[in-house]
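Dear colleague,

Please find below the structure that I am handing over to you. My notes on it come after the display.

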Amino acid sequence: MSDHHFGHTSLTRRSMLGGAVALGAGGVLATGLPAGAAEPSGHGLGLGLGERIDAVAGRLDGDLIALRRDIHRHPELAGAETHTAALVADRLRAAGLEVTTGVGGTGVVGVLKGGGRGRTVAYRADMDAVPPDSQIGGGPDAAHLCGHDLHTTIGVGVAEVLARLRDRLRGEVVFLFQPGEEALSGARAMIAAGVLERTRPAEIHALHCGPFPVGTFAVTPGTGLPGLDRGGITLTGPGASDRAARLVADISALSTVAYPETSADLERMVRELQTPNGPLARFVWMRAGARPAPNGDVEVRAMYRCWPQERVPEIRDQLRGLAARYPDARVDFPTDAFPAMVCPPRPGREVRDFLRARLGRRSVTTMHAAIPFSGEDFALFLRRLPGTFSFLGVRRPGADIATAYPHFGAFDPDERAIGVGVRSMAAWLSHRTAAGRPA
């Protein structure tokens, strides 16, 4: 995700390890049904496919963790994901997928054709690392502090599992390994390159690391992540710096939420995200600052996220109203606001029910509000196709929330989440390719 990010859920360690989620040999998380159990009814995976997915994924766990560590050691900024893209392309080719590289820059597309007739479904994984100026307490270099190394690894793992079961897979799965998510540029570039027209998926799905207990998910029916809008107000003449300082204070006061400063703040925020009609159902998060121009003018820059997205014209009018207090002020919104990621309600409920059937009811929670400080260019895919966006828990048992909170320097996800994501998304995508109607 771009910019700043999320918090924690109240799910317990007992729920993480209970039911269909348990620690297997060697401490690797084994998910899915107990050996010999039948696949949940009504999910159309085909006889025993769920168990087969779990068995195949179990043989890949160690190798995928090694892949994640390789990617993690070679963080690459938006548009420069050459090492990561090469690793992905090699693995997909070895698995027998049809692979195209250089899509929208360094993007990689892999197409897996199943053995039976069905639908075409897409899965997106982002590849880029976090730049230093977007890290919270991080270092001077790019680093994988947003979990994209896990996202990429999970996408490769899902492709490899389903490729080994292609005779039992119906339809096609299109894997989109996307560059430039942190810069909000990669999805647009891949779409502009015609990837959706060439592959023609009926729907698209993705997941993102989140500070929930490992072995759990948080789903987003009807919600998502806010968009991003920017504007500038130029002040001229004597005393422009003093007037700019007052204007910055007035603009900053439009915020209705404050960025969490402590672990307790993060814990409270995520409880609020899971509260229907709670305090985050409607918000504005505003940032403003001033800088002098070479000609003596002073520019006040404003950047904000809001929910719902329909509030953008209202907030722009508020900014214009504040600027109107200064007769010399010039207001400029150079571009349209970057859109919010809004997840359709019905697909979100369907993935919730599906994951609960596999992992147990207490292992899946629902987000009822958007995280105020984060954005996602997956929004552009969801404006073209229906689909889902789910958060995968990466928080170690007993760990501070900051270790599972993307963009924090302390971010240290539990690698067992890789196996959870691979098993769950492989099963979900095989279910969707066999479904009789769009998500």
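This is a predicted model: local features need pLDDT of at least 70, side-chain atom pairs count only at pLDDT 80 or more; totals for chains, interfaces and linings use all residues.

Residues are numbered from 1 along each chain as its sequence is written, and side-chain values use heavy atoms, with hydrogens and water left out.

Four strands form an open sheet in the order S12-S13-S11-S14, with antiparallel pairing (strands are DSSP runs of E, at least two residues, and helices runs of H or I, at least four residues, numbered from the N terminus; two strands pair if DSSP finds at least two bridges between them). S12 and strand S14 (330-332) are the edge strands, each pairing on one side only. On average, neighbouring strands of this sheet are turned by 20 degrees against each other, direction ignored.

Strand S12 (residues 283-292) runs antiparallel to strand S13 (residues 298-307), and 10 bridges join them. Gly-289 has Arg-301 in S13 as its bridge partner, and Pro-292 has Val-298. Five residues lie between the strands of this hairpin, where Gly-296 takes a positive phi near 95 degrees.

Helix H9 lies across strand S11 (229-235), S12, S13 and S14, running at about 155 degrees to S13 (axes are lines fitted to C-alpha atoms, for helices over the stretch in contact, and angles run from 0 to 180 degrees between N-to-C directions). Arg-316 is found in H9 (residues 312-323). Arg-316 counts as buried because its relative accessibility is 13% (buried means under 20% relative accessible area, with a 1.4 Å probe and protein chains only). Leaving aside residues up to four places away in sequence, Arg-316 touches Asp-229, Tyr-304, Phe-333, Thr-335, Asp-336 and Ala-337 (contact means heavy atoms within 4.5 Å).

Yours sincerely

Methods: Buried means under 20% relative accessible area, exposed over 50%, partly exposed in between (1.4 Å probe, protein chains only).
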